[in-house]
Structures are given as C-alpha cells and as structure tokens.
Amino acid sequence: MMRLPKFRYYSPRTIADAVAIRSDAGPEGAYVAGGTDLYPNMKRRQQTPKVVVGLSRISELSRIGEQNGRLVLGAGLLLSNVENDPRVRAEYPGLAHAVSEISTPPLRNMGTIGGNLLLDTRCNYYDQNYEWRKAIDFCMKTDRQQICWVAPGSPKCLAVQSADTVPVLIAMGARAVLSSGREEREVAVEDLYRNDGIDYLRKRPEELLTEVVLPAANGWRASYRKLRRRGAFDFPVLSVGAAVWREDGKVTSARLVLGGVASAPVRLSAAEAVLAGRPLDKESIEAAAAAAAGPSRPMDNTDFSFLWRKEMTAKFVRSALADLV
Amino acid sequence: METFPDILPAEPTRVHVGFQVNGESVEVAFAPHKTLLEVLREDLALTGTKHGCELGECGTCAVLVDGRPVLSCLYLGLECAGRRVETVEGMAPAAGLHPLQKAFADLGAAQCGYCTPGILLTAKALLDANASPTLDEIKEALAGNLCRCTGYIKIFEAVELAAAWTRGEDAEPRKETLYGTDYDESGLLPVVNR
Ligand SMILES: Cc1cc2nc3c(=O)[nH]c(=O)nc-3n(C[C@H](O)[C@H](O)[C@H](O)COP(=O)(O)OP(=O)(O)OC[C@H]3O[C@@H](n4cnc5c(N)ncnc54)[C@H](O)[C@@H]3O)c2cc1C
Ligand code: SF4
Ligand code: FES
Ligand code: FES
C-alpha cells in the first residue's frame with residue numbers, strides 16, 4: 001500500500017474555525033477539500049503537512065446561488081455538481097464543458113471547484129514517488145537548494161499550471177473570494193496566479209477560497225479547448241480558454257488565455273487586440289490564431305514534445321474561437 | 001516497508017468512526033490518516049475492494065459513498081462518518097446475483113477480475129440513476145475504470161445487457177459476443193476449421 005503520512009485531521013463546520021486552525025498550524029498545515037490533488041501529493045511525499053484541515057463539512061462552501069445577476073459558486077462544490085447544475089449548463093456552457101473534461105467521473109464526485117483553482121503545478125520530474133525523486137536527486141520544488149531538472153540554469157521552478165477550469169474562468173472574467181477569518185477580499189481569478197512553479201499562488205497560505213463568482217451571462221460567450229494524450233482522461237498539456245463580447249455583430253472585446261504552457265495561465269493580449277472591432281469570422285480568427293503562437297512557450301516537462309505543443313497553440317486557439325462563431 | 005522518513009512524532013493513534021457498510025452499521029477504530037480503502041481491507045476484512053495505483057488513476061478501488069462512486073484510495077476513512085458505503089460484497093441479493101454480476105459472468109466481461117469490483121459498482125450507480133443509458137453514457141461513466149485484459153467492448157455490452165434485464169426486458173447476450181463472428185447455425189459451436 002502507498003500510505004498517507006501521518007497527520008492530525010480537523011473537520012471544522014465554519015469558515016472562521018477553518019481559518020483559525022489553519023493559521024495556528026503555520027507552515028505545517030494544509031487545507032483539503034476533495035483531496036484528489038493533495039492526497040496523491042502526500043502519498044508521493046511531495047507535501048507532508050502535519051495538520052490537515054478538512055473543508056467537506058462546511059456547508060457554507062457548497063452553496064450555489066445568484067447575487068446581482070452573477071452566479072456564485074461555493075468553493076467546496078463538487079465538480080460533478082457544478083457540471084450538472086442546470087444554470088451552469090445553460091448559461092455557462094464553456095465552464096460546464098471545462099469541468100466535464102477534468103479527470104474522471106468518480107474523481108469529479110470528490111474533487112471541488114475550489115481545489116481545481118488551487119491545483120498544484122505539475123512536472124514530469126516532480127509527480128513521481130519519493131524513491132524515484134530521491135534516486136535522481138530532488139529538484140528545486142522539493143528542496144530549494146537543488147537545481148531544476150528541466151532547465152538546470154533556471155533560477156525558478158517551471159512546473160506547469162494544469163487546472164482545467166482556470167483558463168476559461170479567467171477568460172470570462174470570473175472573480176474569487178478569499179477569507180482570512182474576519183476579513184474577506186474579492187480578486188479577479190487572473191490575479192490569483194504567479195508565474196513560479198513553487199510559489200504559484202498570490203494568496204496567503206491561511207486564506208480560504210470561499211467563492212468563485214461568475215459574471216452575469218449576457219453579451220458574451222466562452223469556450224474551452226484542451227490537448228491531452230488520452231480522450232478518456234488526462235491533465236491538459238495545452239489548453240485555451242476564450243471569451244468574446246459582441247455588439248452589432250462586432251467583437252467589442254475578447255480574452256484569450258492559455259493553460260499548460262507556463263507556471264501561471266498566459267493572457268494572449270496581442271491576439272485579443274486583433275479581434276477587437278471586427279466580426280468573429282474566418283479571417284479574424286486566423287489572424288488571432290497567428291498572433292497566439294508567439295507567447296506560447298511550453299517547457300519539456302509534461303506529456304508530448306514541447307515544440308509540438310507550441311505548434312498546436314494556433315490550432316487550439318482557432319478551434320476555441322470557432323466554437324463561439 | 002516504507003522507506004521515507006517518518007516525519008511525525010507519535011500521535012494519538014485511533015479514531016472511532018461509525019458508518020454504514022452494505023446496509024449494516026459498523027463502528028471501527030483506525031488511525032486518522034487511513035484511507036477508506038485501507039479501512040475496508042484491513043480493518044473490516046472486506047477485500048473485495050481492490051488496490052491498484054492508489055493515486056486515483058485506475059478506478060479499481062471505486063466504492064459507493066451515499067450512492068455515488070468515489071475512489072476509496074483517496075478518500076479518508078473518517079470522512080465516511082455517518083455516511084453509507086457500498087462495496088462489491090454488498091451487491092448481490094440474499095439469493096442469486098445482481099443483474100450486473102450475472103451479465104458480467106454470462107458475457108465473460110471479466111478475465112482476471114481485478115478491475116471488476118470497481119466497474120460493477122460504478123455501473124451500478126449509473127443504472128440506479130439512469131435505467132436506459134446510451135453506449136456513450138456507459139463509456140463516460142466508466143472512463144475512470146481501467147481494464148488491462150478483458151477489453152472494454154464486453155464490459156460495455158454487459159452493462160447494456162444488465163440494464164435491459166433491470167428494465168424487465170427479456171434480453172439475451174449477442175451471439176457474436178459469446179462466440180465471435182464465426183459460429184455455426186446452432187449458435188453453439190464456434191467454427192474453428194471450416
Ligand atoms: C488521476 C487524476 C487525474 C486528474 N486529472 C485532472 C484533469 O484532467 N484536470 C484537472 O484540472 N485536474 C485533474 N486532477 C486534479 C484534481 O482532481 C482536480 O484539480 C480537483 O478539482 C482538485 O480538487 P480537490 O477538491 O480534490 O482539491 P484538494 O486536493 O482538496 O486541494 C487542492 C489544493 O488546494 C487547496 N485547497 C482546496 N480547497 C481550498 C479552499 N477552499 N481554500 C484554500 N485552499 C484550498 C489544498 O490545500 C490543496 O493545496 C486529476 C487528479 C487525479 C488524481
Ligand atoms: S520544473 Fe524543475 S524545479 Fe520545477 S518541478 Fe520540474 S524539475 Fe522540479
Ligand atoms: S487504487 Fe484507487 S484509483 Fe487506482
Ligand atoms: S479483467 Fe483484468 S483488468 Fe479487467
């Protein structure tokens with residue numbers, strides 16, 4: 001058996017208690033929602049928190065409801081509940097699709113939307129068991145004194161942003177609510193991430209993600225396209241979230257976001273600018289796709305050749321935009 | 001057998017947890033970091049639930065918690081407190097087999113059988129929610145259950161057959177599935193050398 005390391009487990013019923021316990025634990029602590037990211041990492045001894053704060057019994061985190069026309073998803077909602085929610089399916093089909101592409105049905109019965117936003121970055125040299133990593137010497141993400149195996153000269157870890165919902169949430173302009181007990185702050189989902197494989201989140205460790213807020217569903221549409229080896233299930237190794245706002249048949253603004261090519265999601269500002277003021281048609285889509293490949297700089301640390309992943313960027317941007325025509 | 005350093009000082013080592021397993025209330029004491037898979041196999045001697053990858057990738061450890069398939073290798077035993085757990089041991093009625101079990105046996109949809117408990121339970125949850133799943137719905141429901149020997153066609157056909165039986169239809173296995181495409185008129189004897 002591949003066993004979990006020992007830890008003390010707490011199951012608070014309120015957000016305030018969860019934050020308090022997590023704060024007390026300091027660097028030894030971790031939140032766990034569905035555990036479908038944290039527990040495999042713990043089994044591989046990538047993370048060995050001594051205090052684990054379970055979120056599954058905080059009913060406040062599993063609410064879903066409307067607020068000023070925006071749809072508010074509790075961070076603790078199971079992926080399968082998000083995927084099957086009639087409102088999400090009808091008004092946010094791009095998100096429903098992205099969620100349905102995450103792992104497998106039993107994992108979506110365990111994993112949460114909040115856990116997906118905060119998913120650890122991934123790398124072929126890191127997502128291995130303890131003995132494997134020790135045998136070639138640990139890399140920087142395990143031990144800061146060591147080098148990066150992907151780019152030995154790199155001053156930082158290049159592990160890859162791999163969460164399926166993130167590109168499409170950023171494209172549609174979704175926001176995240178973070179609680180530190182007494183205080184709450186709302187940030188754009190885009191501002192949650194930092195392009196560093198180790199410190200990949202711009203949030204304090206004890207801050208609890210409580211809600212994901214979707215903008216009112218009018219005037220725009222969003223789509224998601226994902227590259228992976230197996231259709232049945234696999235992490236994305238290149239993905240595109242796209243959202244387009246239109247008025248009188250013309251694009252007023254667009255957001256294009258790549259996943260799987262850096263430690264943070266990558267905005268394609270040049271390609272977005274190409275679309276503005278034009279109808280969404282074959283020519284404008286071609287022009288946007290052509291502008292997308294440059295900023296896509298995948299590294300050789302996930303599945304498939306990184307050169308091929310880069311080459312696929314234009315095609316995937318094209319498909320994501322074609323979904324919105 | 002663990003070779004990694006044990007990072008914790010001795011901890012208060014056991015929790016008492018009450019939940020339902022296959023319709024029976026149980027109370028078990030186990031270490032708080034144990035997964036449901038470990039609790040089922042080691043503390044409840046229910047070894048029908050198999051361990052494979054133990055990282056959420058293969059589906060052989062799938063059980064039902066409150067009717068939904070979950071992967072017991074990534075589910076804490078103590079998260080089951082107050083919940084309803086179903087394992088393969090609880091599938092068959094007092095006499096006979098569950099229609100899925102009978103269909104898998106009739107069609108030879110299990111070879112080594114290692115993936116079978118997880119597949120049976122995942123399929124049961126599907127049929128409990130949807131009496132007439134399409135082939136695509138069956139494939140999607142079983143997308144997380146790897147089988148390395150039977151191949152998926154017989155497995156999908158067995159789920160379709162069990163679904164038909166459950167709907168009260170008088171369905172039979174397809175002859176091609178049982179005998180291949182080369183069988184004689186009687187449908188019983190495979191034609192080997194014509
Ligand atoms: C075999 C397999 C395949 C997978 N395939 C995919 C895939 O294709 N695409 C994909 O995107 N993901 C995939 N995953 C990863 C994972 O299942 C999902 O990302 C899932 O959404 C994670 O949610 P969780 O609730 O289980 O997270 P957890 O493991 O509970 O948590 C993940 C991280 O977020 C933190 N956290 C969780 N909730 C909160 C909160 N509310 N506030 C603050 N911190 C929090 C935890 O401390 C942890 O660091 C896969 C996993 C496995 C095992
Ligand atoms: S990118 Fe480099 S430092 Fe980061 S996990 Fe991979 S090998 Fe380790
Ligand atoms: S043993 Fe649980 S998914 Fe493989
Ligand atoms: S019957 Fe052997 S793995 Fe499926």
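In this model, 29 residues of chain A are in contact with 30 residues of chain B, contact meaning that the C-beta atoms of two residues, placed from the backbone, lie within 7 Å. The model is predicted: local features need pLDDT of at least 70, side-chain atom pairs count only at pLDDT 80 or more, and totals for chains, interfaces and linings use all residues. Residues are numbered from 1 along each chain as its sequence is written, while chains are lettered from A and ligands numbered from 1 in the order in which they are written.

**Side of chain A that touches chain B**

- Strand 1 (8-10), helix 2 (38-43), helix 6 (105-108) and helix 8 (130-135) of chain A each give two or more residues to this side; helices (H or I, at least four residues) and strands (E, at least two) are DSSP runs, numbered from the N terminus.
- Its residues comprise 15 nonpolar, seven polar and seven charged, where Ala, Val, Leu, Ile, Met, Phe, Trp, Tyr, Cys and Pro count as nonpolar, Asp, Glu, Lys and Arg as charged, and the others, Gly among them, as polar.

**Ligand 2**

- Ligand 2 is surrounded by 14 residues, the closest being A:Cys123, A:Tyr126, A:Cys139, A:Cys148 and A:Cys157; a residue is near a molecule if its C-beta atom, placed from the backbone, lies within 6 Å of it.
- The shell around ligand 2 holds 11 nonpolar, two polar and one charged residues.

**Sheet in chain A**

- Four strands of chain A form an open sheet in the order 9-10-11-12, with antiparallel pairing; strands pair if DSSP finds at least two bridges between them.
- Strand 9 (220-227) and strand 12 (266-267) of chain A are the edge strands.
- Eight bridges join strand 9 and strand 10 (residues 238-247) of chain A.
- A:Ser223 has A:Ala242, in strand 10 of chain A, as its bridge partner.
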